Amino acid sequence: MPQHYAEQSLFFDDIKNIFITRDPRGCFCSFAKRKIFSNETVDDFIAYYRHCHRGWPYKHKDFLCVRLEDFLLKHEETSQKVLDFVGISKDNKVLHPQYSIEKSRARMNNWQLYPNQKVMDKIANELRGFLYE
């Protein structure tokens, strides 16, 4: 469970936590694009990803774990799951006008285009349980 939960629950009576995760190969590509990790630091990325996902999937009434890919491929179902979890009716749902599910779906597997597929293979082997397939 994320480390700050105990602290946060002291300040809120009905705290709700939504943990959104993503296929680690896609995460790595996003981080590499922003120069946070690189081919040379893939081991650091793997350690970081494992650290962030300690105890995954979290089983607690105040936690909802959601895959980013589910938002893209099963948008209505996943959105409803989130709305139900936080107690908001679908009528109040507002989709940001700049957000495009179709564009995001098209980029979802960009990791397949990553120039060094050996890095993607290493991530897949080391973080197999977190892959979205």
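In the predicted model, α3 and α7 touch through V42, D43, F45, I46 and R50 on the α3 side and V119, K122, I123 and E126 on the α7 side, where contact means heavy atoms within 4.5 Å. By class, this contact has 5 nonpolar, no polar and 4 charged residues; Ala, Val, Leu, Ile, Met, Phe, Trp, Tyr, Cys and Pro count as nonpolar, Asp, Glu, Lys and Arg as charged, and the others, Gly among them, as polar. Helices here are DSSP runs (H or I, at least four residues), numbered from the N terminus. Helix α3 spans residues 42–52 and helix α7 residues 117–126, and the two pack at an angle of about 30° with their axes 11 Å apart. Axes are lines fitted to C-alpha atoms over the stretch in contact, with angles running from 0 to 180 degrees between N-to-C directions. The pair is therefore roughly parallel, given that angles under 35 degrees count as roughly parallel, over 145 as roughly antiparallel, 65 to 115 as roughly perpendicular and the rest as oblique. The α3/α7 crossing is right-handed, meaning that the near helix is turned clockwise from the far one by less than a right angle.

As for sources, this is a predicted model, so to speak of local features takes pLDDT of at least 70 and side-chain atom pairs count only at pLDDT 80 or more, while totals for chains, interfaces and linings use all residues. Residues are numbered from 1 along each chain as its sequence is written, and side-chain values use heavy atoms, with hydrogens and water left out.

Next comes α2. Against α7, it packs at about 135° with axes 9 Å apart, so α2 and α7 are oblique to each other. Here P24, R25, F28 and C29 of α2 meet V119, M120, I123 and A124 of α7, a set with 7 nonpolar, no polar and 1 charged residues. Against α3, the axes of α2 come within 11 Å and cross at roughly 125°, which again makes the pair oblique. P24, C27, F28 and F31 in α2 meet V42, F45, Y48 and Y49 in α3, and that contact splits into 8 nonpolar, no polar and no charged residues. The α2/α7 crossing is right-handed, and so is that of α2 and α3.

The largest pocket holds about 400 Å³ of space. A pocket is, on a 1 Å grid over the protein atoms alone, an open set of points where a 1.4 Å probe fits, with protein on both sides within 12 Å along at least five of seven lines; lining residues have an atom within 4 Å of a point. Its volume is the space filled by probe spheres set on the points, which are joined across faces, edges and corners. Of its 17 lining residues, R22, G26, S30, R107 and N110 are the closest to the centre. The lining divides into 7 nonpolar, 5 polar and 5 charged residues. At least two lining residues each come from α2 (24–33), α4 (68–73) and α6 (101–107), with α2 giving the largest share, 4 residues.
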